[in-house]
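Colleague: I'm new to reading models like this one. Please pick a single part, look at it closely, and walk me through its side chains step by step.

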Amino acid sequence: MKLEQILFTQGFGTRRVCAGLVDCGAVRVGGQVVDDPSADFDTAGLVFEVDGREWPFRQPALVMLHKPAGYECSQKPRHHPSVMSLLPPPLRTRGVQPVGRLDEDTTGLLLFTDDGKLIHRLTSPKHHVPKVYEATTKHPVDEATVQRLLAGVVLDDDPQPVRALQAECTGPNALRLVLAEGKYHQVKRMVAAAGNRVEALHRSAFGALTLPADLAPGRWCWVEPEAIFAGA
């Protein structure tokens with residue numbers, strides 16, 4: 001693929017802008033400046049630099065963000081900054097979207113991709129991709145609460161009981177839930193229906209992915225799509 005096209009597919013601007021980046025010596029491949037926009041490269045395993053920043057070729061793009069509190073999962077946020085502002089411009093330019101949503105006060109693992117089919121596979125209830133949530137509750141968690149969540153609670157917009165795949169008490173006021181659905185405010189509403197209240201919420205895992213301990217809030221990293229379904 002021509003270098004100009006590589007930069008374009010990776011979100012570095014229009015074709016003219018990408019050609020200009022190459023012409024002005026801003027692009028390096030293998031540590032060497034490449035100033036020919038038409039230079040051909042094999043994209044398999046390709047890593048290049050733009051203005052000194054290393055960038056791997058990814059098609060499609062899939063990244064994991066450690067979402068901090070106080071950010072909205074929206075392109076047009078109302079009250080808080082958008083999570084999109086935490087990603088670098090090339091990812092935003094190429095059109096990555098959040099895979100599902102986390103409330104503005106919820107923290108943890110949030111995926112982004114520009115692959116529509118992957119978004120559908122990860123968010124459709126038919127595929128039952130599990131997500132793990134760590135909830136801090138207002139009142140102490142007892143075994144009766146855990147059993148209600150496992151047996152199923154009824155939410156106000158659906159007469160069918162909604163069940164947790166797994167539920168366990170992890171502290172006096174702490175609860176871990178594993179869900180396969182993604183209903184609006186689901187964890188908070190389920191806990192409320194079970195007689196308690198969520199005071200803080202954190203998503204620690206999505207599919208086979210676990211939020212790395214060294215990924216600080218507000219930081220992101222690349223993810224291989226197959227890693228989500230490892231062991232599935």
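Modeller: Let's start with aspartate 105, which is partly exposed because its relative accessible area is 43%. Here "buried" means under 20% relative accessible area, "exposed" means over 50%, and "partly exposed" covers what lies in between, computed with a 1.4 Å probe on protein chains only.

Before we go on, a word on what you are looking at. This is a predicted model, so local features need a pLDDT of at least 70 and side-chain atom pairs count only at pLDDT 80 or more, while totals for chains, interfaces and linings use all residues. Residues are numbered from 1 along each chain as its sequence is written, and side-chain values use heavy atoms, with hydrogens and water left out.

Now, what does aspartate 105 meet? Its partner in a salt bridge is lysine 188, and their closest N and O atoms are 2.9 Å apart. By salt bridge I mean a side-chain nitrogen of Lys or Arg within 4 Å of a carboxyl oxygen of Asp or Glu. The helix and strand labels come from DSSP runs, numbered from the N terminus: helices (H or I) have at least four residues and strands (E) at least two.

Stay with lysine 188 for a moment. With a relative accessible area of 22%, lysine 188 is partly exposed. Lysine 188 also forms a salt bridge with aspartate 103, where the closest N and O atoms are 3.1 Å apart. Again distant parts of the chain are linked: aspartate 103 lies in the loop between strand E6 (97-98) and strand E7 (107-113), and lysine 188 is in helix H6 (residues 186-193), 85 residues away.

For another example, turn to arginine 176 and glutamate 168, whose side chains meet in a salt bridge at 3.2 Å, N to O. Arginine 176 is partly exposed at 29% relative accessible area, and glutamate 168 is partly exposed at 37%. Coming back to our part, salt bridges with shared partners join Asp103, Asp105 and Lys188 into one network.

To set this in context, how many salt bridges does a search of the whole structure find? It finds eight, including the ones from Lys188 to Asp103 and to Asp105.
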